[in-house]
Amino acid sequence: MRSRHGRIAALVLAFAASMTMRPHAQTPAPAGAAPFDIIGFIDAATLTPEADGFSGGGTITVNGTTIIVPKNTLLQMPALALTWQELFTMAPSPYGPGSGPKGDDQSGLAKSDVPSPRTTYEIRVQGNRLKPTGQSEQYIAGLVFIAQQSLNSGAGFINYIDYHKGELRVGGTIGDASSGARVIINDPQGKFAPKRLDDPRFTIDEDNPTVRSETGYPMCVPRFGAAGGDSNCPQSNRPKGSDGNYLSTFTTDVPPGWEFMTPPDYASNGTNALVMAPFEVGDYVTYSGHLSADGDSDFILAHAVTANVGIFTQPGTQPTYVAIDTTLLGVGGAPDPNLPQEATVRTRIEGFTTDPSSFVMLSAVDVDPCSGQEMERWYDMVAVDPGAPVGAVAGRWRWRPNSDALVLPPTRMLRATSINGTYMNWDTFDTVTPAGLAAGIYSAPNFEFIFPENLGIGNPPVPSNFQDFPFLANGSGAYYGATGGELPLGRLGQLDPWPGAVRPTAPACPAGTDAPAVFSPIADAGSVHDVARGAFVTLDASGSRDTTTPSPMPLTYTWWQVGDDLQPLKYSDTAHRLALPAGTTPFGTPQDLPRVTFKIDKLVNGQNVPDGTVLRFRVDVTNCSPWSDPGTCASSAASTTVTVVATPKASDTLTGVTAIWRVARSRLDVNATTSDPSAVLTVVGLGEMGPALPIAAGVPAPPGDRSYTQVGVNPPPTEITVRSSLGGLVTVPVTIRQ
């Protein structure tokens with residue numbers, strides 16, 4: 001007897017065979033949209049500056065392909081985010097605005113710059129290729145990442161430290177100042193190492209330490225040339241063992257004010273968790289940076305240095321330090337019925353903390369697209385590995401969620417916060433340590449997004465769904481510059497030109513950067529109807545949706561009977577107003593439900609509605625509530641018609657309509673069958689349905705069978721409506737399954 005699992009496997013194999021073996025052409029998406037992910041050296045770069053001094057776009061040429069960099073692009077360097085225009089304005093001499101032979105702007109990163117940069121620079125650009133009808137093709141960037149070489153890193157033991165120069169020698173002979181790689185920390189603020197102004201674009205992260213121990217404890221090179229350290233980088237924070245060598249694993253002393261948390265077996269070692277720990281000769285470090293040179297020789301200008309040192313803080317106390325090492329985020333995506341695809345959400349976030357007994361809280365960092373106000377969107381609370389003997393690596397935490405419901409929409413920044421809280425001095429109320437560090441919290445950009453992929457070799461490529469990225473589609477809000485400032489320079493809005501076939505609706509900023517964004521709902525009045533006099537009709541606005549991100553607001557619906565000008569009919573217009581049966585909700589009544597059902601029979605003046613009459617109806621959809629302040633919410637409208645005919649055209653019949661939402665991947669599966677294969681079926685509010693899976697290899701599903709699958713649907717809907725272009729309409733409850 002064949003098992004159910006065997007039959008499922010056969011169906012899957014049959015589907016795979018049918019998808020890969022059938023002859024078919026690669027029909028592109030609308031406007032010829034197709035994704036690209038290009039990695040290569042920067043051949044040339046241009047700037048189209050904006051008067052605000054920061055939001056300008058331009059072009060980038062990589063491997064012979066010229067790509068448009070939209071206005072409002074915020075690109076990611078190894079440890080700093082900045083705009084495309086700032087990439088030029090922050091370039092060190094002899095590069096910058098107007099520095100080219102013909103007065104053109106130069107970034108100092110392109111092979112075509114004059115003089116040529118000492119080495120090549122790598123860029124990764126993810127975007128969409130577009131080819132509107134009658135126009136030439138365009139490559140438009142959505143996400144941009146720049147490094148000299150993103151995978152260029154080194155590792156070894158520190159063999160010498162030149163305190164006067166603030167320089168590490170790594171990988172040479174211990175004690176030999178002339179051997180090993182020269183590693184200099186690129187710290188323009190002089191917080192973690194002596195101040196450097198070589199190229200501030202390739203800086204360390206001053207606020208979320210990229211100069212640290214494996215456990216996330218901030219580390220340093222003394223700043224003032226003294227081997228004994230300085231007040232924020234004291235040698236006392238590297239205790240020695242009984243053998244005279246620096247300890248590679250230790251726990252700092254109980255910080256002032258936390259004496260009540262002193263453990264029973266406590267022994268002081270003279271350390272202070274409020275300041276950093278210096279690197280020492282003999283530390284094994286991993287470093288990343290880019291090749292530079294001075295009068296002595298080549299050196300690595302490092303944006304990250306991590307020491308294989310286990311520095312921990314006392315359990316349950318502040319400060320506790322946290323770090324994010326790895327991020328990976330799938331971006332879901334609504335399916336296109338003409339482009340079979342696999343839209344995945346595959347999330348992974350990993351890092352360390354200095355308190356193995358604690359928990360780490362993870363969240364997305366959403367920003368208001370007008371004011372730039374940050375809002376944390378809770379993900380989960382993660383246990384920390386306690387280390388041996390019951391654990392593996394003390395201080396490490398990992399998050400790989402069983403459900404992907406919480407991670408969408410995708411965000412630029414992720415945040416990890418210790419359950420011990422962020423540091424605060426309760427005497428002065430300072431929220432940074434004496435070393436200038438915001439302990440207990442760590443924010444990091446996401447460098448890796450997983451986009452939908454085509455389902456089956458030879459199928460058309462699926463465009464990247466940048467419309468699902470709020471920070472691209474809506475903007476990033478008030479912008480204070482790459483290095484921060486007291487006042488905003490202006491606002492980073494939606495990417496322009498948009499890297500997709502259809503530009504998404506952007507929110508309104510009626511007060512510039514001084515007030516939150518106002519998101520407008522998108523009204524959908526449903527399909528038109530042909531009915532006979534005496535029949536009931538249902539007007540359905542369930543396809544309407546709110547655009548508020550990250551969480552849509554509840555909508556209120558108000559239906560009106562309107563004239564040709566789409567304005568509500570006057571009360572005195574009895575010759576055109578419908579007479580509604582008793583118990584029917586009057587037009588103009590706000591309601592929470594999107595549907596109204598009523599009988600088409602007589603007018604208010606008592607006359608029958610004549611055949612051939614076209615009745616017009618408008619729905620007003622709003623995300624305002626009775627408690628909304630003026631100017632903080634919005635409305636939109638849509639209209640439809642009902643034509644009274646003697647003999648209505650028969651609509652198709654929808655059968656077998658099912659809707660299942662699965663917890664594991666927040667996946668919604670909808671199936672339906674239409675009696676007329678020419679009909680186009682739509683899952684209202686979500687998208688168009690595609691053909692159902694083949695029954696077996698070489699045996700397609702009946703032409704009326706349709707299916708729809710979308711990953712990352714959250715929250716789960718309570719009901720789903722399937723609408724046919726030929727008039728069929730069915731609403732069914734959603735079944736929840738694991």
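Colleague: Which residue in strand 43 is the bridge partner of T673?

Modeller: T673 is bridged to D705 there. This is a predicted model, in which local features need pLDDT of at least 70 and side-chain atom pairs count only at pLDDT 80 or more, while totals for chains, interfaces and linings use all residues. Residues are numbered from 1 along each chain as its sequence is written, and side-chain values use heavy atoms, with hydrogens and water left out.

Colleague: What makes strand 39 and strand 43 a pair?

Modeller: Two strands pair if DSSP finds at least two bridges between them. Strand 39 (residues 667-674) and strand 43 (residues 705-710) are joined by six, so they qualify. They run antiparallel.

Colleague: And what counts as a strand in the first place?

Modeller: Strands are DSSP runs of E with at least two residues, and helices are runs of H or I with at least four; both are numbered from the N terminus. The chain has 46 strands and three helices.

Colleague: Why do strands 42 and 46 count as edges of their sheet?

Modeller: The open sheet runs 42-43-39-38-46, with mixed pairing. Strand 42 (690-691) and strand 46 (735-737) each have a single partner strand, so one side of each has no neighbour in the sheet.

Colleague: Why is the F157 and Y284 pair called edge-to-face?

Modeller: Rings of Phe, Tyr and Trp (its six-membered ring) pair if their centres lie within 6.5 Å; planes under 30 degrees apart are stacked, over 60 edge-to-face, and the rest tilted. Here the centres are 5.0 Å apart and the planes stand at 70°, so edge-to-face it is. F157 sits in strand 8 (residues 153-162) and Y284 in strand 17 (residues 284-293), 127 residues apart.

Colleague: What makes F449 and F469 edge-to-face?

Modeller: Their centres are 5.2 Å apart and their planes at 65°, so the angle passes the edge-to-face cut-off. F449 is in strand 28 (residues 449-450), while F469 is in the loop between strand 29 (453-454) and helix 3 (470-473). F449 is at 4% and F469 at 0%, so each counts as buried. Together with F451, F466 and F471, these two form one aromatic cluster. The structure holds 18 aromatic pairs.

Colleague: How do you know that the charged end of K240 sits over the ring of Y246?

Modeller: The rule wants NZ of Lys or CZ of Arg within 6 Å of the ring centre and within 35 degrees of the ring normal. The charged end of K240 is 5.0 Å from the centre of the Y246 ring and is listed as sitting over the ring.

Colleague: Why does R212 count as buried?

Modeller: R212 has a relative accessible area of 7%, so it falls under the buried limit. R212 lies in strand 11 (residues 211-213). Its contacts (heavy atoms within 4.5 Å), leaving out residues up to four places away in sequence, include Y217, V305, T306 and D325. The C-alpha atoms of R212 and T306 are separated by 5.1 Å, although the two are 94 residues apart along the chain.

Colleague: What makes a set of residues a nonpolar core, and which members touch the most others in the largest one?

Modeller: A nonpolar core is a set of buried Ala, Val, Leu, Ile, Met, Phe, Trp, Tyr and Cys residues joined through side-chain atoms within 4.5 Å. The largest has 35 residues, and L168, I185, F279 and V305 touch the most other members. Strand 18 (298-307) is among the strands giving at least two residues, and its four are the largest share.

Note on methods:
Buried means under 20% relative accessible area, exposed over 50%, partly exposed in between (1.4 Å probe, protein chains only).
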